[in-house]
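Please look over the sequence and the model first.

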Amino acid sequence: MKRKRRILNLILNCALICLLITGCGNDRIAEDSESKEPEKVTTNESQLVEESFEQDEEDIEVEKADEIIESAEAVSLLDRLGRGINIGNSLDCFDEWNDQAVVTETYWGNPQITEEYVRTIIKSGFNTIRIPVTWSPHVHDNKIDDDFMNRVKEVVDYAYNSGANVIIDIHHDRMFAPSYGNYNFAKEYLECIWGQVAEEFKDYDDRLIFEGINEPRFYGSADEWTEGTAEGADNVNKLMADFVNVVRSSGGNNSTRLLLVTCYCNRSGGPALDRLILPEDSNIAISIHSYDPYEFTSSGNYREFDDELKWQFDATIRNLKMYMEKNHIPIVITECGTYESVGKSGRLQYLNYVLTKTDEAGIPCVWWDNGNGYGYGAYGLFDRYGNKPYDQEYVDAIAKEN
């Protein structure tokens, strides 16, 4: 439409100029020529041509702006985030028996996160680094300890200043049991933490992403690792809305930052997702976790990733794709992975199949790395002491497509 209008303006202006020059309508032009100086006719012609060019330039600028907007919208979340990795079991350490016990990031056996280690990850081809954070051991009188906040910021900067996308969250804090009786307390704690974190990071650009709560669930109950209950879903929904509100109200770049919300326990199954009520916001995505099929990924036995297991994972992907298409919202798998104990052959089969399927679905995946490289419970891809992969083939299988 803009091009047609521009062409029409040019044609009309050229026609008018021709009339003035060739003398069409002789009587009228003769009268005008007697009463007006020739210079003024020339000046009007210049103005007409100049105005035409000015309009032309304005239309071109508008079209360029439209092209930029269309180009930005065309970039999917998969293109933006690619394949990522967690730095787990570090800043998310806590005491299982005492949430308030003083702990450090080495409490679970990993060394301190170093800039060299983070750069090793990025150089290996990972575009996104998720940094799980447990805040509760470092909160006193409703304030996050300055030393811990500064340490989180330091680690974020290792990745952010190297050009990576960074995700930070509330991870193991167990204040979020989603019952009606606990909701007010959970909301107050959530607003306390995210209010301070949002303020600390509000000047960071959109490569920093906030994720509301990791796996909100009924801790220790029969429903802890299920698809949840109506009560659980209702309260998780309210907490997700509270999370979005407190971040957006902090201003700065937080007013437009990508925020990740979730359903009960970050489950990928239909019942949990179907109960999710999305906050009213224009820049959110859903965080889910997929250790599917669980009997394979969390197995202590060597086995192949066979057709039956592929069929089970296909069911997960179909469910996620249906949800995205129905609700017009992207999904990020912020945790996935297998134990090393399934064996190299099976693990590589899993990696190649699962990541191909998630790429086809447009879903970014973030591998769960807990620093442990060998045996049962070992999700680690990188040796954090040696700043190198435990096995380069695993890293290549994930990062080669980034």
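## Helix H5

The model is predicted. In helix H5, which covers residues 115–123, the buried residues are Tyr117, Val118, Thr120, Ile121 and Ile122.

These buried residues of H5 pack against several other elements: strands S1 (84–86), S2 (128–131), S11 (382–383) and S12 (388–389), along with helix H6 (146–160). After H5 comes glycine 125, which has a positive phi, near 115°.

## Nonpolar cores

The largest nonpolar core holds 95 residues, and the members that touch the most others are Trp135, Val156, Phe201 and Phe210. Helix H7, residues 183–201, makes the greatest contribution to this core, giving nine residues.

## Glycine 252

Glycine 252 is found in the loop that runs between helix H8 (230–248) and strand S7 (259–261). Because its relative accessibility is 45%, glycine 252 counts as partly exposed.

In sequence, glycine 252 and aspartate 203 are 49 residues apart. In space, the C-alpha atoms of glycine 252 and aspartate 203 are 6.0 Å apart.

Methods
Residues are numbered from 1 along each chain as its sequence is written. This is a predicted model: local features need pLDDT of at least 70, side-chain atom pairs count only at pLDDT 80 or more; totals for chains, interfaces and linings use all residues. Side-chain values use heavy atoms; hydrogens and water are left out. A nonpolar core is a set of buried Ala, Val, Leu, Ile, Met, Phe, Trp, Tyr and Cys residues joined through side-chain atoms within 4.5 Å. Buried means under 20% relative accessible area, exposed over 50%, partly exposed in between (1.4 Å probe, protein chains only). Helices (H or I, at least four residues) and strands (E, at least two) are DSSP runs, numbered from the N terminus. Contact means heavy atoms within 4.5 Å.
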